[in-house]
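Hi,

Here is the structure I said I would pass on.

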Amino acid sequence: MFYHAISRHVKIGNTAMDYVSFGKGDKNLVIIPGLGDGLKTVKGAAIALALMYKRYAKDYTVYFFSRKNHLDEGYSTREMATDLHTAMAKLNIQNAHVMGLSQGGMISQFLAIDHPQSVDKLVIGVSASRPNKTMETVVNSWITMATNHDYKSLFISSIEKTYPEDKAKKFRPFYPILTKFGKPKSFDRFIIQARSCLSHNAYKSLAQIKSPTLIIGGDCDLVVGKNASEEMAAKISNSTLYICNGLGHGAFEDKAFNQLVLDFLKD
């Protein structure tokens with residue numbers, strides 16, 4: 001039922017990492033979510049994620065990995081990749097197709113660079129290999145909101161920056177209700193992860209990625225911009241670039257995005 005979805009955790013050092021798995025396919029697909037993980041991990045989201053990504057459940061055993069539960073100050077995207085690799089090894093995931101979304105795409109870059117044997121094929125969605133002005137402006141504003149415990153502004157800004165106008169306007173009437181739920185007890189986790197985005201820099205090492213790579217961006221992306229995808233494609237030799245017209249930072253929710261991924265993984 002619900003694609004055999006389960007929510008569990010794996011020990012990482014003196015803490016644990018939450019993960020969700022579903023599907024019974026012969027191949028493994030590891031999905032690394034974005035900065036929203038800083039507000040809420042995947043714990044308890046097994047059914048929701050299985051339904052959202054049910055198109056993958058037939059052919060793959062899908063794993064959604066959060067960052068570990070306790071994060072130290074200065075925790076980097078490279079360290080996140082190392083911890084993810086440790087979690088994969090503990091679950092006997094020798095190698096997998098890997099899809100990183102937004103900040104997850106940053107982590108996936110270092111996973112493919114530092115642990116190439118663990119990445120069969122790589123999908124980098126709406127991400128960047130290094131900070132740019134667009135990303136710095138947006139993420140710094142989110143850090144300020146989180147520091148001030150202003151969840152309402154942070155939630156609204158994330159919607160407005162993630163979706164193009166035609167979709168964002170559908171959320172606006174519900175902001176008074178939506179912003180009353182989901183506020184974390186502490187914003188420390190989010191702030192640490194957000195700062196790791198601003199210090200992320202895999203650009204000069206991208207040429208080391210040898211896995212077949214699909215890079216997908218949105219031409220309306222207000223968080224990292226579409227140029228971030230283009231410059232990654234120019235550095236990764238075995239890569240294919242696709243820019244989704246009319247889609248923003250939330251492109252990974254679109255059917256067209258996921259069809260591109262499925263076609264790439266099955267090819």
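**Helix packing**

The axes of H4 and H8 come within 10 Å and cross at roughly 165°. Axes here are lines fitted to C-alpha atoms, for helices over the stretch in contact, with angles running from 0 to 180 degrees between N-to-C directions. H4 and H8 are therefore roughly antiparallel to each other (angles under 35 degrees count as roughly parallel, over 145 as roughly antiparallel, 65 to 115 as roughly perpendicular and the rest as oblique). Their crossing is left-handed, that is, the near helix is turned anticlockwise from the far one by less than a right angle, with clockwise giving right-handed.

Before going further: this is a predicted model, where local features need pLDDT of at least 70 and side-chain atom pairs count only at pLDDT 80 or more, while totals for chains, interfaces and linings use all residues. Residues are numbered from 1 along each chain as its sequence is written, and side-chain values use heavy atoms, with hydrogens and water left out. Helices (H or I, at least four residues) and strands (E, at least two) are DSSP runs, numbered from the N terminus.

Back to H4 and H8. On the H4 side, Met135, Glu136, Val139, Asn140, Trp142, Ile143, Ala146 and Thr147 meet Phe190, Ile191, Ala194, Arg195, Cys197 and Leu198 in H8 (contact means heavy atoms within 4.5 Å). By class that contact has 10 nonpolar, 2 polar and 2 charged residues; Ala, Val, Leu, Ile, Met, Phe, Trp, Tyr, Cys and Pro count as nonpolar, Asp, Glu, Lys and Arg as charged, and the others, Gly among them, as polar.

H4 (residues 133-147) also packs with H5 (residues 151-162), at an angle of about 160° and with the axes 9 Å apart. H4 and H5 are therefore roughly antiparallel to each other, and their crossing is left-handed. H4 brings Val138, Trp142, Met145 and Ala146 to this contact, and H5 brings Ser153, Leu154, Ser157, Ser158 and Lys161. Those residues divide into 5 nonpolar, 3 polar and 1 charged.

What about H2 and H3? Their axes come within 8 Å and cross at roughly 70°. That makes H2 roughly perpendicular to H3, and the crossing is right-handed. Thr77, Arg78, Met80, Ala81, Leu84, His85 and Met88 of H2 make the contact with Gln103, Met106, Ile107, Phe110, Leu111, Ile113 and Asp114 of H3. The classes there are 9 nonpolar, 3 polar and 2 charged.

How many cavities of 30 Å³ or more does the structure hold? There is 1, with about 50 Å³ of space in the largest cavity. On a 1 Å grid over the protein atoms alone, a cavity is a set of points where a 1.4 Å probe fits but cannot get out, and a pocket is an open set with protein on both sides within 12 Å along at least five of seven lines; lining residues have an atom within 4 Å of a point. Grid points are joined across faces, edges and corners, and a volume is the space filled by probe spheres set on the points.

Met17, Ile32, Phe65, Ser66, Arg67, Tyr75, Met80, Asp83, Leu84 and Ile107 line the largest cavity. Strand E4 (60-68) and helix H2 (77-90) are the elements giving two or more residues to that lining.

The largest pocket holds about 1400 Å³ of space. It is lined by 43 residues, and Leu35, Gly36, Asp37, Phe252 and Glu253 are the closest to its centre. H5 gives the most to the lining, with 6 residues.
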